[in-house]
Amino acid sequence: MRLDKFLKVSRLIKRRTLAKEVAEQGRITINGKVAKASSNVSAGDELMIRFGQKIVTVRIEEIKENVRKEDASKMFTIIKEEKLEKIEPEFIDDEE
């Protein structure tokens, strides 16, 4: 299954067009390699997705074409979530 379709069906990202944009920006990796929206994913693959200030790592458990909303979370397991620290340049104090 294509990466963008999996992200939509699993409801990790709500719309397929948004999933495609995120992939085109290089914010998704599959097993450590930068992925395109057209990349194929399969059960056992590890996805790392950067959402703004957060990085979510998930393992794909199963691939299904159509899933009910209640069952979508069974398609993947969240391995870890990291929050990125953002330091604004104007708040850095160089005079210490």
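View 1. Thr29 stands opposite Val34 in β2. The pairing strand is β1 (residues 28–30), which joins β2 in the antiparallel sense over two bridges; strands count as paired if DSSP finds at least two bridges between them. Keep in mind that this is a predicted model, in which local features need pLDDT of at least 70, side-chain atom pairs count only at pLDDT 80 or more, and totals for chains, interfaces and linings use all residues. Residues are numbered from 1 along each chain as its sequence is written, and side-chain values use heavy atoms, with hydrogens and water left out.

**View 2. The open sheet of five strands.** Its strand order is β2-β1-β3-β4-β5, with antiparallel pairing. β2 (33–34) and β5 (76–83) stand at the edges with a single partner strand each, so one side of each lacks a neighbour in the sheet. Helices (H or I, at least four residues) and strands (E, at least two) are DSSP runs, numbered from the N terminus.

**View 3. One face of α2.** Here Ala19, Val22 and Ala23 are buried, where buried means under 20% relative accessible area, exposed over 50%, and partly exposed in between (1.4 Å probe, protein chains only). Seen down the axis of α2, these buried residues fall within an arc of 100 degrees, so they line one face of the helix; the arc is that of the directions from the helix axis to the C-beta atoms. Their cover includes α1 and β1. The face turned away from the buried side carries the exposed residues Thr17 and Glu24. Just after α2, Gly26 takes a positive phi of about 75 degrees.

**View 4. The largest nonpolar core.** This core has 24 residues, and Leu3, Phe6, Leu7, Leu12, Ile28, Val41 and Leu47 have the most contacts inside it. A nonpolar core is a set of buried Ala, Val, Leu, Ile, Met, Phe, Trp, Tyr and Cys residues joined through side-chain atoms within 4.5 Å. Two or more residues each come from α1 (3–9), α2 (16–24), β1, β3 (46–51) and β4 (54–60). The largest share, four residues, is that of α1.

**View 5. Val41 and the residues it touches.** Leaving aside residues up to four places away in sequence, Val41 touches Met1, Arg2, Leu3, Phe6, Ile30, Leu47, Ile60 and Ile63. A contact means heavy atoms within 4.5 Å.
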